[in-house]
Amino acid sequence: MNEAIAKSIDLSGRVALVTGASSGLGAHFAKVLAQAGAAVVVAARRVEKLEALVADISAQGGKALAVAMDVNDKASVVAAFDQAEATLGAVAILVNNAGVADPSRFVDSTEEQWDFVVDTNLRAVWRVSREASARMIQAGVNGSIINISSILGLQPSANNSLYATAKAGVVQLTKSAAQELWRNNIRVNALCPGYFETEINADFFRSEKGRQYVSRMQPRRLGQMEELSMPLLLLASDAGSFLNGVALPVDGGHLVQSL
């Protein structure tokens, strides 16, 4: 690899924090950032679920710290950042990955579902980003905030109105924060994955209905985790230094398929 290109994605000397890191996309993102040289803080509600991930990163020569964080609890968020800073230093890269899903028809959705889905997928992104950006400004670091949205934040889907609404809010929050925080050398972008198999959707995609859906969509397959690695590094590293306020779909062209 060209030395200049390799240097542009090198995250050595930077601290990254990934929420919802106990499994799925979050665990993958943490490993990718560690492989690029970052010291990675992996956050989830239960630290014991993160121990295997920390051990895996350490075995590969990386550096990782597990912290307890409930993204829906302000005190928990503050405590997690305090612990991260005390151990590794100021967080310069934040990946807001924690999320939930509770599919339902719009007319059947409830206030309880709204609170559950929107609080975790949108309000918590605001909460964690606000805490991270204030600390980045105080520490004087050049920061990158990556909000994990979804192609459903760019285009609606049947029976997912609450999730799609929250993820669309993440896209707008990303653009609004990017508009303000560039003055503090903090970039804010959104990564919008298409359909990748995770613990949230695995049962659906293994069902006959799920297989039929995949066969009809462009590109007629689910994404592979590795196909999110370089898009993540682009947004996290100096390779994407002129990207700000972007909502980047990684979906194999799903959004542009013909009607």
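1. Helix H5 contributes the most to the lining of the second largest cavity, with 3 residues. Helices here are DSSP runs of H or I, at least four residues long, numbered from the N terminus. The model is predicted: local features need pLDDT of at least 70, side-chain atom pairs count only at pLDDT 80 or more, and totals for chains, interfaces and linings use all residues. Residues are numbered from 1 along each chain as its sequence is written, and side-chain values use heavy atoms, with hydrogens and water left out.

2. The second largest cavity is lined by Phe81, Glu85, Val91, Ala132, Arg135 and Met136. A cavity is a set of points, on a 1 Å grid over the protein atoms alone, where a 1.4 Å probe fits but cannot get out; lining residues have an atom within 4 Å of a point. Helix H4 (74-88) and helix H5 (111-139) each supply at least two residues of this lining.

3. The lining of the second largest cavity has 4 nonpolar, no polar and 2 charged residues. Asp, Glu, Lys and Arg count as charged; Ala, Val, Leu, Ile, Met, Phe, Trp, Tyr, Cys and Pro as nonpolar; and the others, Gly among them, as polar.

4. The structure holds 2 cavities of 30 Å³ or more.

5. Residues lining the largest cavity include Asp102, Val117 and Tyr163. Helix H6 (residues 161-181) gives the most to this lining, with 3 residues. By class, the lining of the largest cavity has 4 nonpolar, 4 polar and 1 charged residues.

Key
1 Å grid on protein atoms, 1.4 Å probe; cavity = no way out; pocket = protein on both sides within 12 Å on 5 of 7 lines; lining within 4 Å. Points joined across faces, edges and corners; volume = space filled by probe spheres on them.
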